[in-house]
Amino acid sequence: MKFTVIITTAPYGQERAYSALRFALTSLLEGIDINIFLLEDGVYVAKTSQNPAEVPNYLEYLKNCIEAGAVVKACGPCSKARGLSEEDLVDGVQLATMHDLVAFTKESDKVITF
């Protein structure tokens, strides 16, 4: 089984991205393959050098997902519009296009958006 998780919200402003990462990590632990697509402000989830105080570090959750086998792509145009390049993103995250999101969707059994 394979799920695609689409994250559209920035970290720390709301808890949607946090819930998405927890869902993805739990799915991986249950043996489900995971694709994660970062869209719109969701691209900030992969920004390096995050070190929040007194709240969960979303970047660490994303790294754990990658280490557990998740395939993670970030919308290239969304990243560019927000001043982010691939070098600004954590290792293991590739810049992508809508064609990649379509491919993720086609190969998945379920798609969930946060």
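Residues are numbered from 1 along each chain as its sequence is written, and side-chain values use heavy atoms, with hydrogens and water left out. Because the model is predicted, local features need pLDDT of at least 70 and side-chain atom pairs count only at pLDDT 80 or more, while totals for chains, interfaces and linings use all residues.

Rings of Phe, Tyr and Trp (its six-membered ring) pair if their centres lie within 6.5 Å, and planes under 30 degrees apart count as stacked, over 60 as edge-to-face and the rest as tilted. By this rule there are six aromatic pairs.

Select phenylalanine 23 and phenylalanine 114, which form a tilted pair, 6.1 Å centre to centre with 50° between the planes. The pair links distant parts of the chain, since phenylalanine 23 is in helix 1 (residues 16-29) and phenylalanine 114 is in the segment after strand 5 (110-113), 91 residues apart. Helices (H or I, at least four residues) and strands (E, at least two) are DSSP runs, numbered from the N terminus.

Next, select phenylalanine 37 and phenylalanine 104, an edge-to-face pair, 6.3 Å centre to centre with 90° between the planes. Phenylalanine 37 lies in strand 2 (residues 33-38) and phenylalanine 104 in helix 4 (residues 98-107), so this pair ties together parts that are 67 residues apart in sequence.

Finally, select Tyr12, Tyr18, Tyr58 and Tyr61, which ring pairs link into a cluster.
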